[in-house]
Amino acid sequence: MKLLQPTVLALALVAAFPAAAQGMPDVNAEIKALRTRLAELEKKVGMTPEQQAEFNRIAAKTEAMQDTFTDKGFAGLKISGYIEPVFVWNQRQNRAGFQFLNNPASGPAGAYSYDTSYMGAAVLDLTKETESGTIWKLTLAPNRSAGTVVDGGNIVQEASVSVPMSDSQTRLIAGQLPDWSGYEYQQPTLNPFTSHNLLFDFTLPTTYTGAGMDIKEGKWWIRTALANVNATIRANGEKAPAWAFRADYAKGEFSGWGFASLIGKAPRFYDDATTGETGLQTTSNVVMMELDGWYTRGDLTLGGQVSWGKQKEAAISLAADGSFQDAEWAGISGMVGYSLDPRLQLLARADYIRNDKHGGGLFTYNYADGYNGLGPDAAGDAQKGANRWAVTLGTKYLVNTSTTFKAEVRMDGASLAVFEDVKTGTFKKTNTQFATSLLVAF
């Protein structure tokens, strides 16, 4: 009987300090385990009145802890995140150094560019699932969020709710939702490279603000929404939302494919030749679609995507009569990864975008851009835009379960001399970049 007292005392200590021992996500499980153990002891061992009183005190304390855990909102709460300092060397921009949490608007390009994009982020993700199955999600990424790209100082990457309807596989979704197109993910925890492919950077939406449905049925996963595209609010005179759609099919354990489309109004930027105002924004009709696929088995990983899009009055060059022209593009991207061992993976990626019509013009990229290599040759035909390509070779090394080191060499090219060499003031057809990053996630 004397052996019971230390056991009860030990259980009391575990009950008092479960969070310190296991971390907040495991507290609820620890409480349940403690209650089970106490019940077993009560059945197996007879107790003196003093020991029974001690037992009752621990049981009451366990119940109180569980109630407090639930009342404070910790039940169903998951916290995760990552930090990714990045080093970049860009040949034509004549710069080399670390970049981390920098404001895109104050960067070398003055806006989104393929050598900054979402690289160098610190992200905190909060996900809460209630007893009813409703999922609440808030992802914060200062200066590196989808909200920052479309709305300046907005630090929100995602702010969404997912409400089960007929069952947990049929859900109403609403809020700010990152774009779901393509085979490559934005977050570095899912993207094997440090940079992104050309289609990701220049032909896809950034975010949707609206509402829709998320449906899973067998091997199918369908998401659709009516939303503002790359805009958190509609301006005066703007009324029509866009329709975004994606369907995924998991063929089996190792492969699958997806299709995404966008039809409706999206931002268009332009200059007014009559008033001389520059950088004006309106919306115009856009139609985009892409097909992507993936394959992962053993040491081999494959991914690919083909895209096509057209946006009304969004071409870089004006017509002979000064009117706006339509932008149209088509592109392809593919990647291959091979693991030499469980920690080390070798990577290769190739991208191409055909964009020579009406001086060029991609999704919301309506200006000649010597930084990203978009638009016509300044000394050539204004109606002929540059076709773009990029080849990236990289490696990814898993330092430990939460830390990954990445390195890549990337060659970007164009059919015309559209990359500005800031050191000489001339334009070139190619640009070389080296990037490396240290990703630490939890």
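Tutor: A residue is called buried at under 20% relative accessible area, exposed at over 50%, and partly exposed in between, with a 1.4 Å probe and only protein chains considered. The model is predicted, so local features are given only at pLDDT of at least 70 and side-chain atom pairs only at pLDDT 80 or more, while totals for chains, interfaces and linings use all residues. Residues are numbered from 1 along each chain as its sequence is written, and side-chain values use heavy atoms, with hydrogens and water left out.

I begin with the network. A salt bridge here requires a side-chain nitrogen of Lys or Arg within 4 Å of a carboxyl oxygen of Asp or Glu, and by this rule the count is 15. Arg 223, Arg 246, Asp 248, Glu 290 and Asp 292 are linked in a network of such bridges. Within it, Asp 248 pairs with Arg 223 at 3.0 Å, N to O. That pair links distant parts of the chain, since Asp 248 lies in strand β10 (residues 242-250) and Arg 223 in strand β9, 25 residues apart. Strands (E, at least two residues) and helices (H or I, at least four) are DSSP runs numbered from the N terminus. Asp 248 also forms a salt bridge with Arg 246, where the closest N and O atoms are 2.8 Å apart.

Another bridge joins the side chains of Arg 349 and Glu 184, at 3.1 Å from N to O. Arg 349 belongs to strand β15, whereas Glu 184 is in the loop between β7 (170-178) and α6 (198-202), so the pair ties together parts that are 165 residues apart in sequence. Both partners are buried: Arg 349 has 2% relative accessibility, and Glu 184 has 7%.

Gly 375 lies in the loop between β15 (344-354) and β16 (388-400), and it is buried because its relative accessible area is 0%. Leaving aside residues up to four places away in sequence, Gly 375 is in contact (heavy atoms within 4.5 Å) with Ile 316, Gly 359, Ala 368, Gly 385, Ala 386, Leu 416 and Val 418.

Together with Trp 257, Leu 291, Val 306, Ile 332 and Tyr 352, Trp 220 forms a nonpolar surface patch of about 540 Å² accessible area. Patches are built from residues with over 30% relative accessible area and no salt bridge; like charges are joined within 9 Å, and nonpolar side chains (Val, Leu, Ile, Met, Phe, Trp, Tyr) within 5 Å. Accessible areas come from the Shrake-Rupley method with a 1.4 Å probe, and for residues only the protein chains shown count as cover.

Most residues other than glycine have a negative phi. Leu 101, however, has a positive phi near 60 degrees; it lies in the loop between β3 (95-99) and β4 (122-129) and is partly exposed at 30%. Asn 143 also has a positive phi, about 60 degrees. Asn 143 is in the loop between β5 (135-140) and α5 (146-151), and it is partly exposed at 25% relative accessibility.

Finally, the setting of the whole chain. Its secondary structure comes to six helices and 20 strands, and its C-alpha atoms fill a box of roughly 100 × 50 × 40 Å along the principal axes. Of the 442 residues, 44% are buried. Among contacts between residues at least 6 apart in sequence, 60% join residues at least 24 apart. The chain exposes about 21500 Å², of which carbon and sulfur atoms supply 61%. There are 40 positive and 45 negative side chains, and the centres of the two sets lie 4 Å apart. Here Lys and Arg count as positive and Asp and Glu as negative, without His and the chain ends; each charge is placed at NZ of Lys, CZ of Arg, CG of Asp or CD of Glu.
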